[in-house]
Amino acid sequence: MADAGVGTDLLAEMQNAFLNNEKFLMAQNVVTQYDPLEVCLDRNVAETVNHVYKHKVKEVKPITNQRASGRCWIFAFLNAIRQKFVQHFNLEDFEFSQQYLYFWDRIERSYFFINVYEELARKGEKPDGRLMMFLLSNPLNDGGQWDMLINLVEKYGLIPKEVWPEAFTAGRSMRLRKIMNYKLREYAVTLKGLVDKNCSDEEMKAAKVKMMTEVYRITSICLGTPPKTFDWEYSDKSKAYCKLSGVTPLQFYNVHVKPIYNPLDKVCLVNDPRNPYNRLLTVEYLSNMMNGRLVLYNNQSVDVLKKLAAASLRDHEAVWFGCDVGKHFERKLGALHLDVHNYELAFGISMVTLDKAQRLLYGDSLMTHAMVFTGLSWEGDEPAGDTEDPKPAADENLPELKTTKWRVENSWGEEKDKPGYLMMTDSWFSEYVYEVVVDKKYVPADIMAVLKQDPVVLSAWDPMGSLACIVCGKDEHLAHL
């Protein structure tokens, strides 16, 4: 009878090869005592990391902190908006309420799930089928995508953070997610039962009203109840007292935010090398609102993403983007750098053998986090002036830049040795940035024309359907929840 599992001869060969290699024995002595990433840190590369850039937009304080929640997509969105808002209102610092959009996303996404599940049950989809199992795996994910943000702000508006301070659960969202995921799965059972017994429209409507009443109750208990109107009192940089009175969130957004930063004017560009470029993509059942905007991706080469992000930054507008932040990341240095960890030295292996398409296809990478670009550097002496100088108009033909690194505003708070910004090398951008959002005024006509196509529909479980949702815990470890 053949040996079960790995053969004894092979086991002996592997063990002998390891024990006879002094380099690996030394690595074993060290790695069994310390974090493998710390051991693999390449000091020569680490010494080259700095946070000085040729050009930065006017940055805003304070550094935001999503805490132990997966709301990075909301934080990045509001950080991009406030960059213009603060300049317009001449403020020292400012935050929009991230909890406000999060609250309404919980409500709308629950309603979306309930209606989608009813639809699929009527189509005869089975709970143990791949689609149903995927949708049930995490019904109320914390993360999201750009078009989901548009759905929320266009319907509910925005409010300043000081008007509605954060509840405990907003920054520690695990409990709410667990409660709501249980309830949505319970609702799925109820919906399937109603469909199976061929219930009346009145019965189905009453059941969904009851479900949504529970959803609102749970969410409001955990996060509080959003204000219908509010007063906003503030002092600008000149210490002048100002006040907006009796404003609704939608009025605040439409009158005071949208003229400065209009999310409807932004274009979402992605780099998915598995699919043809210059094609419009979407993902089945990826949304947070019934009859809302589709999540649409304009698929382009990574060089296009870099060029348009650079054009936006040089015109003093920050750029929302999505990436796989956990790859080749040295948090203490604030560095996203392909060479910062030398796995060859400690383990005798490479961690850069798969290309971007292979990593997507074989499950090694997807978008996990959203942040904001606020600066960049490039090779050569192409003039751009200092950060106070006006840049060429967006519609002028800007010279091509060979970018070298990018400044990133994160939403993990600020500490003495981690000021809230990351340095991303240009080569890291090529491999792990999947999405950027820029104003349409920077986008050439041929790329804008892609938006008129009928989108290619990717499967619900496709990696391009991943949501920006890195949870930053208090213990400083990253976790996918």
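Does Val6 count as buried, partly exposed or exposed, and at what relative accessibility? Val6 counts as partly exposed because its relative accessibility is 45%; buried means under 20% relative accessible area, exposed means over 50%, and partly exposed lies in between (1.4 Å probe, protein chains only).

The model examined here is predicted, so local features need pLDDT of at least 70 and side-chain atom pairs count only at pLDDT 80 or more, while totals for chains, interfaces and linings use all residues. Residues are numbered from 1 along each chain as its sequence is written, and side-chain values use heavy atoms, with hydrogens and water left out.

Starting with the whole chain, the secondary structure comes to 17 helices and 16 strands; helices (H or I, at least four residues) and strands (E, at least two) are DSSP runs, numbered from the N terminus. The C-alpha atoms fill a box of roughly 75 × 70 × 45 Å along the principal axes. A compact globule of 481 residues would have a radius of gyration near 23 Å, and the 24 Å of the chain agrees with this; the radius is taken over C-alpha atoms, and the globule rule is 2.2 Å times the number of residues to the power 0.38. Of the 481 residues, 53% are buried. Among contacts (heavy atoms within 4.5 Å) between residues at least 6 apart in sequence, 80% join residues at least 24 apart.

Together with Leu10, Leu11 and Met14, Val6 forms a nonpolar surface patch with about 340 Å² of accessible area. Such areas come from the Shrake-Rupley method with a 1.4 Å probe, and for residues only the protein chains shown count as cover.

Turning to the aromatic rings, rings of Phe, Tyr and Trp (its six-membered ring) pair if their centres lie within 6.5 Å, with planes under 30 degrees apart counted as stacked, over 60 as edge-to-face and the rest as tilted. By this rule there are 27 aromatic pairs. Phe96 and Phe252 make an edge-to-face pair, 6.4 Å centre to centre with 65° between the planes. Phe96 lies in the loop between helix H5 (72–89) and helix H6 (98–122) and Phe252 in helix H12 (residues 249–257), so their pair ties together parts 156 residues apart in sequence. Both Phe96 and Phe252 are buried.

How values were computed. Patches are made of residues with over 30% relative accessible area and no salt bridge: like charges are joined within 9 Å, nonpolar side chains (Val, Leu, Ile, Met, Phe, Trp, Tyr) within 5 Å. A salt bridge is a side-chain nitrogen of Lys or Arg within 4 Å of a carboxyl oxygen of Asp or Glu.
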